[in-house]
Amino acid sequence: MNTQPRNVPSLSVIIPTLNEAKNIEIALLCIVKNEIPRSDFEILVIDGGSTDGTLDKVLKFADQLPLIIIEAPGASVYKALNIGLEKSRGKYFVRVDARSEIPYDYIKTCISHLQRPSIECVGGIQLQYGNSPMSNSIARVTSSFIGTGGAKFRTAKESGYVDSVYLGVYKTATLRELGGYEDRSEYVSEDSF
């Protein structure tokens with residue numbers, strides 16, 4: 001499936017999915033609220049073989065967002081991100097997970113930081129929340145210093161250098177130079193090299 005925009009976009013938003021019908025609409029609505037002109041971006045949804053109607057939910061946004069759907073059965077999140085990196089046409093690579101709720105100014109703010117020559121990747125703070133007593137408890141633990149190990153992408157109060165980011169917005173050329181994401185193993189730590 002492809003409703004690819006005609007112009008070369010300045011940014012590519014990559015969303016890996018696998019059975020995310022319950023979550024994907026909120027993630028896409030958050031992108032709509034970022035108020036980016038359609039001609040400035042493309043959204044590549046790389047689906048690992050959803051069987052729950054995820055892609056039907058995605059297609060509901062075809063009139064609001066410049067969507068490209070790539071079906072990649074069995075692809076892990078990292079394999080999907082690398083497929084997105086290979087297919088993306090934008091100068092900037094924006095990772096958004098299907099369960100993410102990005103702020104209305106997230107993409108614009110990240111891109112403005114990337115205008116500085118010394119910055120190659122930016123991201124926001126990952127705020128945890130739950131929707132049940134158990135998930136609320138997990139959110140509290142994974143938001144504490146002990147639960148995060150002090151990771152700044154979960155605890156920072158202001159902008160500054162960090163050694164790991166949540167999601168991440170990159171200069172596409174830099175991410176390609178680095179070889180993309182580690183995808184040779186089922187279990188990958190994004191925080192180590």
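This is a predicted model: local features need pLDDT of at least 70, side-chain atom pairs count only at pLDDT 80 or more; totals for chains, interfaces and linings use all residues.

Guide: Residues are numbered from 1 along each chain as its sequence is written, and side-chain values use heavy atoms, leaving out hydrogens and water.

Visitor: Is strand E1 buried or exposed?
Guide: Buried means under 20% relative accessible area, exposed over 50%, and partly exposed in between (1.4 Å probe, protein chains only). Strands (E, at least two residues) and helices (H or I, at least four) are DSSP runs numbered from the N terminus. Seven of the seven residues of E1 (residues 11-17) are buried, so the strand is largely enclosed by the rest of the structure.

Visitor: Which residues lie on each face of E1?
Guide: In a regular strand, side chains alternate between the two sheet faces. Here Leu 11, Val 13, Ile 15 and Thr 17 are on one side, with Ser 12, Ile 14 and Pro 16 on the other, all buried.

Visitor: Which residue stands opposite Ile 14?
Guide: Two strands pair if DSSP finds at least two bridges between them. E1 runs parallel to E2 (residues 41-47), joined by seven bridges, and Ile 14 faces Leu 44 there. Four bridges also join E1 to the parallel strand E4 (residues 92-95).

Visitor: What is the phi of Asn 19?
Guide: Phi of Asn 19 is near 55°, a positive value in a residue other than glycine. Asn 19 sits in the loop between E1 and H1.

Visitor: Where is Glu 35?
Guide: Glu 35 is in the loop between H1 and E2, and its 70% relative accessibility counts as exposed.
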